[in-house]
Amino acid sequence: MESKPTFFTGFTHGANSIWAARAEAADHPIHITRLRRLPCTPYKNEITHPIRTCHLRDAIPWLAMAGETRHQISPRGAFFRLEWFTVKDADAVVAIGFLLGGIMCGTTGWTCQTFIEKSGSGEKLYFFDQHSGSWLRYVSYRKWEVRDPPPALSSMGKVALIGSRVVNERGRKAILSCTF
């Protein structure tokens, strides 16, 4: 019997909540990382991973490495650190967001970059750029190749499904086009 893939996401509105609803509709369990102190309304198939504030320091070295690659000072906020727990056990990342000059923007970009640092290559990072409306596969820093159709999620093992809190119609359609 073939095992079902494992899906991880964060707790924020936008792409993460759309991913969680899609996994729930496909009857897949979804692992959601949350700060322990935050109240939540769980999804039917949710497996909650409450993270204690004291554990957020585990993300600091990964954000520092991501900052070196991005030539930026790494963010220090708890939210950026929390997102590390969404990708740390993932075999692949599928993200919805925005590229600016080939660099992934916002918290989604930092989270993807920590995955790249952890995996050593980012070979299994798939990114939907809401500006261009294209699925992209990470090649190297600021280098992407177009990938169509969207990746088959069921064949990717442990997958972090993440993205921007701002999701336009292209982003919504991209999420809905993914096969679970």
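**Cysteines and core**

Guide: At 32% relative accessibility, Cys105 counts as partly exposed, a class that lies between buried (under 20% relative accessible area) and exposed (over 50%), with a 1.4 Å probe and protein chains only. This is a predicted model, in which local features need pLDDT of at least 70 and side-chain atom pairs count only at pLDDT 80 or more, while totals for chains, interfaces and linings use all residues. Residues are numbered from 1 along each chain as its sequence is written, and side-chain values use heavy atoms, with hydrogens and water left out.

Visitor: Is Cys112 buried or exposed?

Guide: For Cys112 the relative accessibility is 0%. On that value Cys112 counts as buried.

Visitor: How many disulfides does a search of the whole structure find?

Guide: A disulfide is a covalent bond between the sulfur atoms of two cysteines, and here the term asks for a pair of cysteine sulfur atoms within 2.5 Å. The cysteine sulfur closest to that of Cys105 belongs to Cys112 and is 11 Å away, so the two are too far apart for a bond. Over the whole structure, the number of disulfides found is 0.

Visitor: Which residues touch the most other members of the largest nonpolar core?

Guide: A nonpolar core is a set of buried Ala, Val, Leu, Ile, Met, Phe, Trp, Tyr and Cys residues joined through side-chain atoms within 4.5 Å. The largest has 26 residues, and the elements that give two or more residues to this core include helix H4 (106-119) and strand E7 (125-129), where helices (H or I, at least four residues) and strands (E, at least two) are DSSP runs numbered from the N terminus. Those that touch the most other members are Val93, Met104, Cys112, Leu125, Phe127, Trp144 and Ala160.
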